[in-house]
Amino acid sequence: MSSSALASFGSRLLLKHQAKSSHRFLSTSASGFDKVGVIGLGLMGHGVCQVAAASGVHSSVVAFEPEQKFLDLGKDRIEKSIGKLVSKGKMSQEDADKTLGSIHFTTDMSDLKDTDFIVEAVIENMDLKRDLYTSLGATCDEKTIFASNTSSLSIGEMAQFSGRTDRFVGVHFFNPVQLMKLVEVIKTDETDQAVFDKAYAWVNDIGKVPVSCGDTPGFIVNRLLVPSLLQAMLMVDRNDASVKDIDISMQLGAGHPMGPLHLADYIGLDTALFITQGWVEKYPDEPAFVLPKCLKEKVDAGDLGRKTGKGFYHWDGDKRGDPVA
Ligand SMILES: NC(=O)c1ccc[n+]([C@@H]2O[C@H](COP(=O)([O-])OP(=O)(O)OC[C@H]3O[C@@H](n4cnc5c(N)ncnc54)[C@H](O)[C@@H]3O)[C@@H](O)[C@H]2O)c1
């Protein structure tokens, strides 16, 4: 389990407010980024690559995975996603061909050398990111700006490994990237303002909505959302209210599309625990980061929510059943 699904917490709440598709062809780039790179073509990276290519503002998008089989998987994902847009009439075949034609798929890191901007979306593991940024810093031209899509790691720490702390930002996309409009753009104390401004402009270039945030755990969305899930779990711990009543309350009283415990089950209680434990350890003085007893107990028992069929609720695939007694 990784913390990579962290942003999905926000995704589920926000999805219904998003535009249908963000593909479009523009002719100008406010950021000035001509050639961009995407590292890691998994759940997030393939979407970033697709959206960047579909914006039409780049001469080329270099899509890098270290192993051919993962590169092929990422390419397949992008082709399928674009194929769906075409079959639904949301993208013309001509734009689809242009989009795919502008992506250069590679397992050779040196192809990223002369890019203007690189978005990294590899698995959420600091050791792995440390090695990657060390190699990347040595490989890329001085001008290349690095951006991490991390959900929970420190942008400043990664910037140190890259050797270019002034040319390093966070760009936190939401899942699914093709549909979710928001991108949190993260500035560390050392990020050059002009670099940040370019990254911010790039988010607009590719048809997303940027917001600015400091290098703080959870950035904006997850910093607000995760503690609210934890508070709901603490209410369960204290027996303040039932699982069902907590969820109904937030749906009907706060207008949320689903309650916090339903959402936690949907995302995965192991993911919630992983993130929370990381924050509790790293920020012991932050009162919003607490570990509910029921969360730990459920994960220890293997009840991880929707994916295991049991969490705060019983689940049959994607269909939620009754609360667990
Ligand atoms: N999943 C989400 O909802 C979500 C949302 C926002 C941000 N993020 C962040 O995005 C990043 C990626 O998450 P994901 O869910 O897409 O993960 P994922 O596991 O789906 O994809 C990661 C990809 O990185 C590749 N990879 C591994 N090591 C690599 C290396 N050294 N160089 C290049 N590629 C490498 C893997 O082959 C894989 O394709 C994480 O930092 C995560 O925190 C995830």
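## A cis peptide bond in a loop

P176 lies in the loop between β6 (168-172) and β7 (182-187). Helices (H or I, at least four residues) and strands (E, at least two) are DSSP runs, numbered from the N terminus. The peptide bond that joins N175 to P176 is cis, and its omega is near 0 degrees.

## The model and its confidence

This is a predicted model, in which local features need pLDDT of at least 70 and side-chain atom pairs count only at pLDDT 80 or more, while totals for chains, interfaces and linings use all residues. Residues are numbered from 1 along each chain as its sequence is written.

The chain has a mean pLDDT of 92, and 92% of its residues reach 70 or more. Residues 1-22 have a pLDDT below 50, and this stretch has 67 contacts in the model beyond near neighbours in sequence. Here pLDDT is the predictor's confidence in each residue, from 0 to 100, and two residues are in contact if their C-beta atoms, placed from the backbone, lie within 7 Å. Where pLDDT is low, the predicted coordinates should not be read in detail.

## Domains and annotations

The chain is divided into domain 1 (3-214) and domain 2 (222-317), with bounds that come from an automatic or database domain assignment. Taken over C-alpha atoms, the centres of domain 1 and domain 2 are 29 Å apart.

In an unreviewed entry, UniProt lists residues 35-215 as "domain: 3-hydroxyacyl-CoA dehydrogenase NAD binding". That span is 41% helix and 22% strand, with 26 Å between its end C-alpha atoms. The UniProt annotation "domain: 3-hydroxyacyl-CoA dehydrogenase C-terminal", also from an unreviewed entry, covers residues 218-315. Residues 218-315 are 59% helix and 3% strand, and the end C-alpha atoms lie 28 Å apart. UniProt positions are given in the numbering used here, feature names are shortened, and annotations may be inferred rather than shown by experiment.

Strand β1 (residues 35-39) runs parallel to β2 and is joined to it by five bridges; two strands pair if DSSP finds at least two bridges between them. Within this pair, V36 stands opposite V61 in β2. On its other pairing, β2 meets strand β3 (residues 103-106) in the parallel sense over four bridges, and A63 has F105 as its bridge partner in β3. Strand β2 (residues 60-64) is largely enclosed by the rest of the structure, because four of its five residues are buried. A residue is buried if 20 or more other C-beta atoms lie within 10 Å of its own, exposed if 12 or fewer, and partly exposed in between, with C-beta atoms placed from the backbone.

Together, β1, α2 and β2 make a right-handed β-α-β unit. A crossover is right-handed if, with the strands pointing away from the viewer, the path from the first strand over the helix to the second runs clockwise. Helix α2 (residues 45-55) has eleven of its eleven residues buried, so it is largely enclosed by the rest of the structure. Among these buried residues are G45, H46, G47 and C49. After α2 comes G56, with a positive phi near 75 degrees.

## Strand β6 and its partners

Strand β5 (residues 145-148) pairs with β6 in the parallel sense over three bridges, and A147 stands opposite V169. Between β5 and β6 the chain passes through helix α6 (residues 155-162), in a β-α-β crossover that is right-handed.

β6 is also joined to β7 by three bridges, and these two strands run antiparallel. V171 has V185 as its bridge partner in β7.

## Individual residues

F219 is in the loop between β8 (209-214) and α8 (221-238), whereas N239 lies in the loop between α8 and α9 (243-252). F219 is buried because 24 other C-beta atoms lie within 10 Å. N239 is exposed, with 7 other C-beta atoms within 10 Å.

Q193 lies in helix α7 (residues 193-205). Q193 counts as exposed, because it has 9 C-beta neighbours inside 10 Å. From C-alpha to C-alpha, Q193 and R167 are 9.3 Å apart in space, and 26 residues separate them in sequence.
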